[in-house]
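Welcome! Please take a moment to look over the sequence and the structure shown below before reading on.

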Amino acid sequence: VSEILSGKGGDVVTTTPATSILEVATILAERKIGALVVMDGDKVCGIVSERDLVRHISRDGAEALQHSVAECMTKSVISCMRSDSVDLVMEKMTAGRFRHLPVIENGELLGIISIGDVVKRKSEQAMRDAEELKRYIAS
């Protein structure tokens, strides 16, 4: 995870529990991202994804757009640490059926890892392994 963060940086787009769902949808669309970490001061208190918005809007209709993020965010945030392996992160994402994983250590938000980051890293790893195997066979 630390290697992924060093490549992409630790910038995380965040919001607050009081932000409206419409505002969150606008931020997601403008930034071309799939999730926001919800912060209460300097503490992570949730995460809100496109899926969360769709579920909430499908239940409450257009009126849901005026609701606060606190009403639809995922409050039990699963996270990872910089020292976690890509395989462990992939296992967490698969088991939880989510695509974004905040990197949190000692209560501090250090970054966020997406399924795209994981797939890219695994692909790079597979290409390196194939090249090493070719060199070994050739020697």
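Predicted model: local features only at pLDDT ≥ 70, side-chain atom pairs only at ≥ 80, totals over all residues.

Residues are numbered from 1 along each chain as its sequence is written, and side-chain values use heavy atoms, with hydrogens and water left out.

Helices (H or I, at least four residues) and strands (E, at least two) are DSSP runs, numbered from the N terminus. Let us begin with an open sheet of 3 strands, which has the order 1-2-3 and mixed pairing; two strands pair if DSSP finds at least two bridges between them. Strand 1 (14-15) and strand 3 (43-49) are the edge strands, each pairing on one side only. Strand 2 (residues 35-40) and strand 3 run antiparallel, joined by 6 bridges. Within strand 3, Val 44 is the bridge partner of Met 39.

Now to helix 5 (residues 115-138). Its 24 residues should span 34 Å at 1.5 Å a residue, and its end C-alpha atoms are 35 Å apart, which agrees; the expected span is 1.5 Å times one less than the number of residues. Asp 117, Val 118 and Arg 121 are the buried residues of helix 5, where buried means under 20% relative accessible area (1.4 Å probe, protein chains only). These buried residues pack against helix 1 (2-8), helix 4 (86-96) and strand 5 (108-114). Arg 121 counts as buried because its relative accessibility is 19%.

| Residue | In contact with |
|---|---|
| Val 118 | Val 86, Val 89, Met 90, Met 93 and Ile 113 |
| Arg 121 | Glu 3, Ile 4, Val 86 and Arg 128 |

Finally, the cores. A nonpolar core is a set of buried Ala, Val, Leu, Ile, Met, Phe, Trp, Tyr and Cys residues joined through side-chain atoms within 4.5 Å. The largest one has 12 residues in all, among them Val 1, Leu 5, Cys 80, Leu 101 and Val 118. Helix 1, helix 4, strand 4 (100-105) and strand 5 each supply at least two residues of this core, and helix 4 gives the most, with 3 residues. Apart from this core lies another, of 11 residues, including Val 24, Leu 28, Val 48 and Leu 53.

How values were computed:
Buried < 20%, exposed > 50% of the residue type's maximum accessible area, 1.4 Å probe, protein only. Contact = heavy atoms within 4.5 Å. Lists of a residue's contacts leave out its neighbours within four places in sequence.
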